[in-house]
Structure formats: structure tokens, C-alpha cells
Amino acid sequence: MRRLLLRLVFVLALPVVLVTVWWVASAGSEDVYWPPLRTIVETFPDVWTGERWRGDVLPSVLRLAAGYALAGVVGVALGTLIGSYRRVRAVCEPVLEFLRAVPPPVLVPVIMLFAGIGDTMKIVVIAAGCVWPVLLNTVEGVRAVDPVTAETARSYGITGWARLRHVVLRSASPQIFAGLRQALSIGIILMVISEMFAASNGLGFTIVQFQRSFAIPDMWSGILLLGLLGFVLSFLFQLVERRALGWYHGLRAAARRSR
């Protein structure tokens, strides 16, 4: 119990300090663009009503989930293929380096030409940005599979899907999850950017509308909501990661105890 309380203190200490500093520093502010934090907090429940949650927040989260899931599936599949075969990697590497260097927001106008201005465009934009950390981390994870483990599996006749699932993907899973973690933050950014282009709802669209109508406290409340959304998604990701990589964290803990 004491360890849990200590960990909670470490987690909450910095956010509490930052919020306190912001609250005190902005308390007497009369700047239109820098309203007091108290005003922003008081505005929050009036702005983000049930109707706005259904009309703006939920569509944004669903687009993010769809694009993120698409990027995860494509990234792991292509990364496993490229990482498993040296010749495929040699052929694909120059193209991957070129495509990776293109910022996804630049592709928004191009994607709009092919996918229109609906949800498909936003999902494709999110997926186009999120796929790279997943793909590249998967490639490196597959390449780093322990040769002894691979040879042992071959000796026991573990081939095909069983080898892919229990040897290759399991060994590469720590790096795959590292790529998925990076992709999550990228996905939130691209979710907002994609909704700033030719959208009629969503968090990005709503925040821009607040800014254009000079509803500055409302705009700041949207920014706070984005931060809270990122925190919640990161927390949920950690829960999934701990469960999926329980064996890996157990091995690391055992290694630390044996030193």
C-alpha cells in the first residue's frame, strides 16, 4: 500500500505543480488571449456538454481508433515481411526512407483529392502518419530475434504460423509496442490536423471555430480536453502493454533481482 501511494505521489506531483503555477500566474490576467485558468475551468462544463461530446469528441475518437488500428495492422504485417527477408528489406529500404521523410500533414491536400473530405480522408491521414513507427520498430524487432531461439524452434519442428506467432512476433513484441506507443501520440496530432481541413465536426474543427469566433476560454478548454484525452489513451495503452508484455517485464524484473 505504501509503495502504491508513493508511486501515486510521483505521478501526480509534477502535474499538480504545473497546474498550481498556471493558476497563480494567470489569476490576475486581463489578456484576451491568456485568460485565467479559473475562467477556463469554469467554462469547461458549459462548452463540453453531452451533445458536443456526441457530436465532436466521439467522432474524433472513432477516427483516431480506426486510423490507429489500420496503421497497426499494416505496420506489423509489412514490418514482419520486410524484417524476415533480407532481399525484401534491401529492395524496400530506399522507398521506405523516402516515404518516411514526407510529413503526413503535407499529404492532406493530396489525400483529399482521392478520398474526399469525409471520414475516410481523416482516417487515411492518421494511418499514413502512424504506420511508420510501427513498421520500422517491427522490422528491427524481427531482425533482432535471438538466433538461438529461432534455431531451437526449427529443431523442434515449429514452423509456419506457429513459428511466426510464438517465436518471431513474441520476440519482437517489445519493440512493436514501442512503435505503437510512438504512433499513439502521432495519431492524436494528426487527428486534430485532419479535422482542421474541410471538416464539419471533431475536436480540431471545434477548437479552430472557437479561435475564429474569439471564444478564447472555449478554445483553451478544447486544448485542455485534448491533453486529458491523450493522458487517458496513454494510461489505457499502458494497461494493455503490461498485460501483453507481462512475460517480458517479468524477465526484466528477475534479471534485476539476480544482479
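Me: What share of the contacts in the chain with a separation of 6 or more comes from residues 24 or more positions apart?
Reply: 76% of them. Contact here means heavy atoms within 4.5 Å. Bear in mind that this is a predicted model, where local features need pLDDT of at least 70, side-chain atom pairs count only at pLDDT 80 or more, and totals for chains, interfaces and linings use all residues. Residues are numbered from 1 along each chain as its sequence is written, and side-chain values use heavy atoms, with hydrogens and water left out.

Me: OK, how many helices and strands are there?
Reply: 11 helices and 0 strands. Those are DSSP runs numbered from the N terminus: H or I of at least four residues for helices, E of at least two for strands. The C-alpha trace spans about 70 × 55 × 30 Å along its principal axes.

Me: And what percentage of the residues is buried?
Reply: 35% of the 259 residues. Buried is under 20% relative accessible area, exposed is over 50%, and partly exposed is in between (1.4 Å probe, protein chains only).

Me: Which residues have the most contacts inside the largest nonpolar core?
Reply: W48, Y68, L180, M191 and L203, in a core of 51 residues. A nonpolar core is a set of buried Ala, Val, Leu, Ile, Met, Phe, Trp, Tyr and Cys residues joined through side-chain atoms within 4.5 Å.

Me: Which helix gives the largest share of this core?
Reply: Helix 8, with 12 residues.

Me: Back to M191, what does it touch?
Reply: Not counting residues up to four places away in sequence, M191 touches S60, V61, L64, I126, L203, L226 and L229.

Me: Let's look at helix 9. Which of its residues are buried?
Reply: L203, G204, T206, I207, V208 and F210. Their cover includes helix 2, helix 3, helix 8 and helix 10.

Me: T206 is a threonine, so why does it count as buried?
Reply: Because its relative accessible area is 3%. The T206 side chain reaches the backbone oxygen of G202 at 2.8 Å. That's a polar contact, meaning a pair of N or O atoms within 3.5 Å; within protein, one must be able to donate a hydrogen and the other to accept it, and residues adjacent in sequence count only if both atoms are side-chain atoms.

Me: What else is T206 in contact with?
Reply: W48, R52 and D56, leaving aside neighbours within four places in sequence.

Me: Is F214 buried or exposed?
Reply: Exposed, with a relative accessible area of 56%.
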